[in-house]
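Colleague: Could you walk me through reading a few features of a model? I'd like the general idea and then the case at hand.

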Amino acid sequence: MDSSEDNHTFSESGLRGIDETLQRELDTVQAVYFPPEVEQYSSSDSEGESSDNDDTSNALFEPTISTLCNTANNTLNEDLCENPEPGDSSTEVSEELIHNFLSVSCQCSLGPNEQPCSSLFTEATVFELRSQCLELTSDQLDMLILGRLDGHTKERVGMKRYRSYYFVRGHQVCRKTFLFLHCISKKRLLNLKSHLRSNGLAPRVHGNQKGTPHNRTPHSSLQNVVSFIDNYAQREGLSLPGRVPGYKSFRIKLLPTSTTKAELWRSYKHAAEVRGYTVVGYTQFVQTWNDFLPFIKIMQPSTDLCHTCQKNTEKISGCSGASEEDKISAVEAHQDHLRKAKREREIYNSAEKERLKKSVFVRA
């Protein structure tokens with residue numbers, strides 16, 4: 001809007017000249033709510049310049065937002081990094097944490113001219129050392145620290161205690177700086193020093209790694225479970241005659257659908273108690289089944305076969321070396337059984353429909 005138009009905002013409405021008091025009030029309102037523009041831009045400015053001006057006007061708000069964010073971050077960092085513990089094994093490489101550590105220093109006198117040893121390293125060097133340590137695995141970092149401790153740990157004369165000297169890149173440093181540069185805690189360093197004195201320069205092994213749990217199931221009990229399930233499958237199971245749709249392997253043994261794992265476990269429990277064997281729980285029983293006998297499965301209700309179908313399937317699968325007449329007779333017998341079963345199913349379905357119709361009429 002042009003400045004001349006701003007000056008006549010109220011004059012065009014016909015309100016000027018009515019009263020001097022009203023005119024002063026209108027001037028005050030115009031000065032407060034419709035101030036004249038300080039700088040005018042010509043209408044010949046290109047679209048690119050107008051977009052730059054829009055970006056510049058939007059950028060006026062950025063310092064305020066960034067200032068708020070920086071203030072919040074600084075407050076949070078002051079709470080987290082106030083008097084930072086150099087031995088903190090944090091997995092974060094914070095430049096502010098490094099800056100605070102070098103500013104406060106380690107308060108030792110191992111550096112040149114009795115200066116703190118932390119003055120020997122720049123922020124870039126400290127950042128590099130901490131990043132390299134954090135990239136290593138726990139075992140690799142242990143071996144790195146053990147290697148730096150080995151050769152600089154000496155036994156005190158007349159005492160059973162040892163004294164360690166810490167060196168990083170050829171410079172002797174105090175323990176505080178050594179912990180900070182390697183991103184470890186004081187407790188971990190003491191454990192590594194104790195391991196170095198006891199086992200030498202060797203990787204640390206957890207105490208329970210080679211131990212046997214107190215609640216481990218004996219091998220003989222697991223063998224009894226495997227034998228029981230395998231013998232039951234040999235007696236009651238059905239081996240597939242070959243490739244069958246729905247099964248990826250033809251070596252699977254199918255148990256009848258009337259069998260459940262809980263029922264089989266109860267049978268195993270009774271048999272084991274009679275013979276005086278150690279009985280495993282149901283969970284361990286099922287886990288042993290899945291681990292050692294995954295090919296023994298229970299048929300789904302929709303895929304089980306009747307007794308005649310099982311016998312016919314076994315007869316057909318056993319005709320590999322029989323004559324052609326025996327094979328044809330076995331296949332015809334099985335097909336005849338399937339036709340009879342289909343006819344019986346049709347009669348049953350029709351009778352069921354008639355029963356439903358009669359029940360509907362009775363209710364009506």
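Colleague: Let's start with helix packing. At what angle do helix α5 and helix α6 pack, and how far apart are their axes?

Modeller: Bear in mind that this is a predicted model. Helix α5 covers residues 95–104 and helix α6 covers residues 123–135; they pack at about 125 degrees, and their axes are 10 Å apart. As for handedness, the crossing of α5 past α6 is right-handed.

Colleague: Which residues make that contact?

Modeller: On the α5 side you have Glu95, Leu97, Ile98, His99 and Leu102, and on the α6 side Glu123, Val126, Phe127 and Arg130. Sorted by class, the contact has five nonpolar residues, one polar and three charged.

Colleague: And α10 with α11: what does the packing look like there?

Modeller: Read it the same way. Helix α10 (residues 219–236) packs against helix α11 (residues 261–275) at about 120 degrees, with the axes 11 Å apart. These two are therefore oblique to each other, and α10 passes α11 in a right-handed crossing. From α10 come Ser221, Val225, Phe228 and Tyr232, which meet Leu264, Ser267, Tyr268 and Ala271 of α11. That contact divides into six nonpolar and two polar residues, with no charged ones.

Colleague: What sits around threonine 288, and is it buried or exposed?

Modeller: Threonine 288 is in helix α12, residues 282–292. Its relative accessible area is 2%, so it counts as buried. Leaving out residues up to four places away in sequence, threonine 288 touches Leu222, Val225, Val226 and Leu293.

Colleague: Now cysteines. How many disulfides are there?

Modeller: General idea to begin with: a disulfide is a covalent bond between the sulfur atoms of two cysteines. A search of the whole structure turns up zero of them.

Colleague: What about cysteine 183?

Modeller: Cysteine 183 is in no disulfide either; its nearest cysteine sulfur belongs to cysteine 133, 5.8 Å away. Cysteine 183 also counts as buried, because its relative accessibility is 4% and the limit is under 20%.

Notes. Residues are numbered from 1 along each chain as its sequence is written. This is a predicted model: local features need pLDDT of at least 70, side-chain atom pairs count only at pLDDT 80 or more; totals for chains, interfaces and linings use all residues. Side-chain values use heavy atoms; hydrogens and water are left out. Axes are lines fitted to C-alpha atoms, for helices over the stretch in contact, and angles run from 0 to 180 degrees between N-to-C directions. Helices (H or I, at least four residues) and strands (E, at least two) are DSSP runs, numbered from the N terminus. A crossing is left-handed if the near helix is turned anticlockwise from the far one by less than a right angle, and right-handed if clockwise. Contact means heavy atoms within 4.5 Å. Ala, Val, Leu, Ile, Met, Phe, Trp, Tyr, Cys and Pro count as nonpolar, Asp, Glu, Lys and Arg as charged, and the others, Gly among them, as polar. A disulfide is a pair of cysteine sulfur atoms within 2.5 Å. Buried means under 20% relative accessible area, exposed over 50%, partly exposed in between (1.4 Å probe, protein chains only). Angles under 35 degrees count as roughly parallel, over 145 as roughly antiparallel, 65 to 115 as roughly perpendicular and the rest as oblique.
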